[in-house]
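Take a walk through this structure, pair by pair and then into a pocket. Keep the sequence and the 3D view open as you read.

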Amino acid sequence: MATKQDQHNNSSQMKELLQPENHPDCCTKEKPKQKTERDDTNEASFSSFSSSCGGVKQGGEEKGDEQVQKQRTEAGSSCCLLEDLKRLPQCHGKLESLSFNRIHTVLINVDVFNNERRLQVQDGRDMWFSNFVKMPCSSSSVTTIRTGMLQIPRQLSRWDEISKVLDGLAKQAAVTVDEVAKAIIKFNPKYKGQWSFDALYLFVKRIPEAENYFPALFPKIAALALKLPHYVRKAIPLLQRGQTASITLSQVQISCLLANAFYCTFPHRNTSSKDAEYHNYPTINFISLFGSWSERKKEKLRAIMHYFKTVTDKQPSGLVTFEKHCLRDTEMPNWRSCKEMLSKLHVSSHGSIEREGTGMLQVDFACSLIGGGVLSSGLVQEEILFLMNPELIVSRLFTERLEDNECLIIKGSQQFSCYSGFSDSFEWAGPHEDHLTWDEWARLQRHILAIDALHFKHRRDQYSMIKVTRELNKAYCGFKAYGRHEPDIATGKWGCGAFNGDPQLKAVIQLMAAAMAKKGMAFFTFGDEKLKESLQQIHQLLTTQRVTVGKLYGLLEDYCAVQRWSDGSHVDLFEFIRSNVGSNRSLL
């Protein structure tokens, strides 16, 4: 593992922070609810008995020959050690100069970045169209008032009102929750009397005085939100369904966008009804986080507030890229005829994707609406990931619901916090200091892959080859190499928990997809020792018998047929494979 000195994430690794040109100032308690299906999703996905802030031993650590042999034996003869898998920065290949094109939007000036190694805002123009983010500071964002005895309608700039109120807050040394709430309602008068701020009120009230810096933080968030017209001058395209596209923006720009989400300034983003303009996008304004108090909300707000405190105390200095990939039918494998053998596999019942999987392609067990319930009551794998890395939340601003052939890859996000627990036991555990290296595009070398599994109301529904093939294609879409020198995959019980996925079936599906993507895989069972041992054994059998992906697909077809005729009794997949592999017939 690289030393802390080598990998420390600080601004000395960048020549200058983001500098917009010619702008000198840019320097009541909720009743207990039953758990929802989403709340329980992937409940085994994060280790509830460990914190996210432990050290991680990466590949390259020297070990004696006897120790290595012992570990390999314990791992299962066909499985590999964690350090045998490719991870960043070791597998990183030098990138070409940062550039934009028809499908890659860059919100900083690429010439200045490439030539001077500093971040400068890219000039552009407002685009108030259906395929772009509608910005709060757009000249087309207006509010209608009626004046005079005849109540004649008159349109006013919404940003003029927003900036006037935010400027008033920013000039104060301390701001109360009452003042925050009044400001938000001022921007969204339609919701007066409907929106609740109970969680925000009780959060500030119940946090001990020694760590209650929030009244002083609210003005800083307002000041950050005010800089939107100076930090984001180029229109942000929506990452729409059916299209492959990517967006690169600075961490400072992300913080400014999230500050506006905090004050709920984004227009047309307060409803998800079927006839709403953004009904197929996640929510972005924070109002759902502020209402209906719960202990979950308290811990979420601690993480969010820590993020804002960090970025307002000292500007972050890197870039983050959001890549939406959409595979055409012709790019999907013909699974039945695939000749690939299974790839490297490491299985562990201990550790976690985000810690032991550092430097690998880390799988986010996503909701099709990216981020899931991070801004409401959800608190499982995806939501925790977004809370520890709040820059991920901005993806909700521009990422449409993921289709069956789509995934989202985020490169360069920073982890700001540590945590312990899971779901109702989740707690914010303090600051996290990232020690990752930067790539040539000033991005931290953290790659996160969001892929959404199917939710099965009835467990038996998944034993259909239509459903199995959908999951194979979804995993392959995410695992596929979209560049050179890419890391291997860190994953686990994707789509299990309340989504009712069969852990054995989901493990085999991911193994097959990884083989087709020609990548190794680290699989974390999160304390499930039985799954760890059985997965190691089945991998050993499949590799020694040289079972191809196509043959394994055929076995899954047979298995699903058996499940359909099993009169309700469950047939163990691994036992089925054992009983059908090893015969004299060809497995190629």
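Begin with two neighbouring names, E299 and K298, whose side chains form a salt bridge with an N to O distance of 3.5 Å. Keep in mind that this is a predicted model. Is E299 buried or exposed? Its relative accessibility is 5%, and the cut-off for buried is under 20%, so E299 counts as buried.

The idea behind such contacts is simple. Side chains of opposite charge can pair when their charged atoms come close. By the rule used here, the model holds 32 salt bridges.

Now find E340 and K518. Their side chains also meet in a salt bridge, at 3.9 Å from N to O. This pair links distant parts of the chain, 178 residues apart. E340 sits in the loop between β5 (319–326) and β6 (345–348). K518 sits in the loop between α16 (503–516) and β13 (521–524). How open are the two ends? E340 has a relative accessible area of 25%, so it is partly exposed. K518 reaches 61%, and exposed means over 50%, so K518 counts as exposed.

Next, turn to D452 and R470. Their closest N and O atoms lie 3.1 Å apart, in another salt bridge. Which elements does this pair connect? D452 belongs to strand β11 (residues 447–452), while R470 belongs to helix α15 (residues 465–479). The two residues are 18 apart, and the pair links distant parts of the chain. Both D452 and R470 are buried.

The last stop is empty space. Rolling a probe the size of a water molecule over the atoms shows where such space is left. The largest pocket holds about 740 Å³. It is lined by 30 residues. Which of them are closest to its centre? They are L95, K411, W441, Y482 and G483.

Two elements, β4 (245–250) and β5, each give two or more residues to this lining. The strand that gives the most is β5, with four residues.

What classes of residue line the largest pocket? There are 14 polar residues, nine charged and seven nonpolar.

Technical notes. Residues are numbered from 1 along each chain as its sequence is written. This is a predicted model: local features need pLDDT of at least 70, side-chain atom pairs count only at pLDDT 80 or more; totals for chains, interfaces and linings use all residues. Side-chain values use heavy atoms; hydrogens and water are left out. A salt bridge is a side-chain nitrogen of Lys or Arg within 4 Å of a carboxyl oxygen of Asp or Glu. Buried means under 20% relative accessible area, exposed over 50%, partly exposed in between (1.4 Å probe, protein chains only). On a 1 Å grid over the protein atoms alone, a cavity is a set of points where a 1.4 Å probe fits but cannot get out, and a pocket is an open set with protein on both sides within 12 Å along at least five of seven lines; lining residues have an atom within 4 Å of a point. Grid points are joined across faces, edges and corners, and a volume is the space filled by probe spheres set on the points. Ala, Val, Leu, Ile, Met, Phe, Trp, Tyr, Cys and Pro count as nonpolar, Asp, Glu, Lys and Arg as charged, and the others, Gly among them, as polar.
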